[in-house]
Amino acid sequence: MRFVGVTTGSSSIMRLFPVWSELLGLDAELVGLDIPLDAPAASYRAAMREMQEDPDCVGALVTTHKIALLDATRDMFDDLDPFAAAVGEVSSIAFGPAGTRGAAKDPVTAGLALEEFLDPRHFAAGGHVLCLGAGGAGTALGWYLAQRADRTGPLTFVDPAPERLEHLRATLTARWPDLDLRTTLLDETDVPDLLRSLPPASLVVNATGLGKDRPGSPVPDGATFPRDAVVWELNYRGSLEFLHQARAQQAGQGLTVVDGWRYFIHGWTQVISEVFGVDMPPETVATLAQAASTSP
């Protein structure tokens, strides 16, 4: 199995996968495939060709390059799941007798992770959502939140790329035309005002990748998170400036601060399930998570 990313060698999965493979009885090896940020389409096509032509490669997990890879290689897929087709991204690639199948697991991953720390009635009290980042992870989060029984207040997405905001809006409103969705071009000077405008118990998410692939945070120093907010950093490794900012205000603002570790666990277990065709019930995920926490 391949791991398509930017700096795959520094990911915890490289030490965890052999342990998980043994626990699941897979007899499988994970091989990193690094592609630089903003790589040309030819790089993604070469990577796909390399995987498809390798008889030992049964599939791949894709991280940072989910949208760019599918943009460059859509004609190389035989099938896409509904979310992958709708948003134009893949996080899971499976090679089999029926050809190459792409899937976008992020809505499932986001939901499984959120449900571990967010009460099913959390938004009934009137909390809003501010998601910093409108790429694949942000779109997947919106897809999940739009389906919750306790529909949130306004969903606000902030991003420096207008095309990502337009794509997110088109994707979500096509399915939920009544969704209270707001999109804002990122200007760092506006973020403190956006945070101040949120009611207590809102959800604030860093889905930008800043603090992982690149240092930095979408929140400028000195900005204040809303009272009793749930602050979720989707990254689990890197410089994690956003996470440190939230933790510095945790006691004073009554914040619930969550890092990306469980998101990471669910992301990988969902793709392993898709690629290898193995069931991934909660008890199996719990076993793998325990092994991850105790693995040296």
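1. Asp-259 and Arg-247 join their side chains in a salt bridge at 4.0 Å, N to O (a side-chain nitrogen of Lys or Arg within 4 Å of a carboxyl oxygen of Asp or Glu). Asp-259 sits in the loop between β12 (256-258) and α10 (261-276) and Arg-247 in helix α9 (residues 241-253), so the pair ties together parts twelve residues apart in sequence. Helices (H or I, at least four residues) and strands (E, at least two) are DSSP runs, numbered from the N terminus.

2. Before going on: this is a predicted model, where local features need pLDDT of at least 70 and side-chain atom pairs count only at pLDDT 80 or more, while totals for chains, interfaces and linings use all residues. Residues are numbered from 1 along each chain as its sequence is written, and side-chain values use heavy atoms, leaving out hydrogens and water.

3. The count comes to 13 salt bridges. One of them links Asp-75 and Arg-45 at 2.8 Å, N to O. Asp-75 is in the loop between α3 (66-73) and β4, Arg-45 in helix α2, so this pair ties together parts 30 residues apart in sequence.

4. Strand β1 (residues 2-5) runs parallel to β2 over four bridges, and Gly-5 stands opposite Asp-34 in β2.

Terms used
Two strands pair if DSSP finds at least two bridges between them.
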